Amino acid sequence: MMVVCIDLRIPLFLVGKPGSSKSLAKDVVKNAMRGDLSHSKLYKQLKQAHMVSYQCSPLSTADGIISTFTQCQRMQKENDLERFVACVVLDEVGLAEDSPRLPLKALHPLLDDGTAGADDDDEGKASNRVAFVGISNWALDPAKMNRGILVQREVPSNEELIVSAKGICSTDEETQLLLQTYIPGMAKAYLEIYSSPDRKEKREFFGLRDFYSLVKMIFSFCKSPPKRPSAGQLIHAIRRNFGGLDGVDPVTIFRNHLVFEFDELDSLDSSSKSLIKANLTKTGQEDFEESRYLLLLTENYAALTIVRQRFLVDDEDPVIIFGSSFSKDQEYTQICRNINRVKVCMATGRTVVLLNLDKLYESLYDALNQYYVYHGGQRFVDLGLGSHRVKCLVHKKFRLILIADRETVYNEFPIPLINRMEKHFLAMSSILSHQQQEVVESINTWVKHFSTVNRFNFREDDHKRVSFKPGDAFVGYHPDAA
């Protein structure tokens, strides 16, 4: 559908859940529609397509979208329209709906006749109509959708998940046969987690990327030498890809659909501390080519101190970028500075830690996808803000950690961002041993008895009780104080 719409310059809206291969389809079409340079005889008969992407965000403006269309129109004027087509691609177009500037209103005349308005002098020229693809995780309002063709991908069925999982494992037939009995159970367990009431209360916290990453990780455990996954490896992979959500025990759900031989538990630790360390150091997953970047849910930003003291000790100079809600930090120029700092860290292989940078995250979506372009033995990925996109070198040692308050992630973070990352909850209690947790529990009990003092208020006739809290007795007290 995308190939036909681009060749005929028909506007297309591609809507689907995160992880439903929308961006991958765009890249496949981009590499296929190369005109006479195409590898396929079929695509040699079609037009050469040149895609110009615009990364939508709450900072998007109507002028930015119009300038992208204008750029494509200029390309078409300089080429044969019978053999060339320029295509505007609006990535995550739904995010632009959150902009107070209402930039998507500019789409109406551009999709109708290719002009920015009724007074445009070039109205009616064939070169004005360019191809258009809008990629979104949710449907836009009908005024925009009715101006093009809508292709919507629904939540995949159990059978579709099984087919996708088998396709991921198809690179090694022997390993695929070993996992043949595990894949149906993994698909059923994922759908149960996806439809669980706790998941619905926290929006779509887990998505298709989590399932695909689980399959890849278990596949890597079994690949060399070919062997069935142990119970420890299964638990490790499940907690790595389905962590961070209160009220959901992914191991219990997967155990209902998979056969675990708990007598075979190996030495692979599955505590939060060990899982985060495994992500940063690739411990226990030597054959797993690339770990997803980390999203650490925390309270009182305790995770920042823990990460610096426990996980980044060997990292000589991690870069910490801390944003705020001050107006200067929300400006376009400051966001560009922060993107440039991330770009430098990517190229040099330094670890970068991000906090409170809500306006920046949309620019990292392509990097979080980890869909690299290889050239000269080096890896490159796109970083973009609006119509400005650059290829950035990605060092093999580069790691990205995003730290955010747990409730903020549950209630405010964009679903596409959450689904792209490996999620873990990290607080002071997460790194304590069993003995240390017992000590903390006894201290908390003592604090409660010490600070909870009930007395009668004799100034009132009803003798109402007045109770004290730990914060009244200990200045600066918080739940992690013990």
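Helix axes are here lines fitted to C-alpha atoms over the stretch in contact, with angles running from 0 to 180 degrees between N-to-C directions. Helices (H or I, at least four residues) and strands (E, at least two) are DSSP runs numbered from the N terminus. The model is a predicted one, in which local features need pLDDT of at least 70 and side-chain atom pairs count only at pLDDT 80 or more, while totals for chains, interfaces and linings use all residues. Residues are numbered from 1 along each chain as its sequence is written, and side-chain values use heavy atoms, with hydrogens and water left out.

Helix α9 (residues 183-194) and α11 have axes that come within 11 Å and cross at roughly 150°. That makes α9 roughly antiparallel to α11, a label for angles over 145 degrees, where those under 35 count as roughly parallel, 65 to 115 as roughly perpendicular and the rest as oblique. The crossing of α9 and α11 is right-handed; in a right-handed crossing the near helix is turned clockwise from the far one by less than a right angle, and in a left-handed one anticlockwise. Contact (heavy atoms within 4.5 Å) brings M186, A187 and Y190 of α9 to L208, F211, L214, V215 and I218 of α11. By class, this contact of α9 with α11 has 8 nonpolar residues, no polar and no charged. Nonpolar covers Ala, Val, Leu, Ile, Met, Phe, Trp, Tyr, Cys and Pro, charged covers Asp, Glu, Lys and Arg, and the others, Gly among them, are polar.

Helix α11 (residues 208-223) also meets helix α12 (residues 231-241), with axes that come within 9 Å and cross at roughly 150°. That makes α11 roughly antiparallel to α12. Here too the crossing is right-handed. On the α11 side the contact is made by D210, S213, L214, M217, I218 and F221, and on the α12 side by Q233, L234, H236, A237, I238, R240 and N241. The residues in the contact of α11 with α12 divide into 7 nonpolar, 4 polar and 2 charged.

Strand β10 (residues 378-385) is largely enclosed by the rest of the structure, because 6 of its 8 residues are buried, that is, under 20% relative accessible area with a 1.4 Å probe and protein chains only; over 50% is exposed, and in between is partly exposed. Strands pair if DSSP finds at least two bridges between them. Strand β9 (residues 373-375) runs antiparallel to β10 and is joined to it by 3 bridges, with V373 opposite F380. The two form a hairpin with 2 residues between them, and G376 in the turn has a positive phi of about 60°. On to strand β11 (residues 388-394), 7 bridges join it to β10, again antiparallel. L385 has H388 of β11 as its bridge partner. This hairpin of β10 and β11 has 2 residues between its strands, and G386 in the turn has a positive phi of about 70°.

Most residues other than glycine have a negative phi. E92, however, has a positive phi near 50°. E92 lies in the loop between β3 (84-91) and α5 (107-112) and is buried, with a relative accessible area of 8%. N300 also has a positive phi, near 60°, and is found in the loop between β6 (294-298) and α15 (302-311). N300 is exposed at 53% relative accessibility.

In α15 itself, A302, A303, L304, I306, V307 and F311 are buried. The buried residues of α15 pack against α14 (272-281), β6, β7 (319-322), β8 (352-355) and β12 (400-405).
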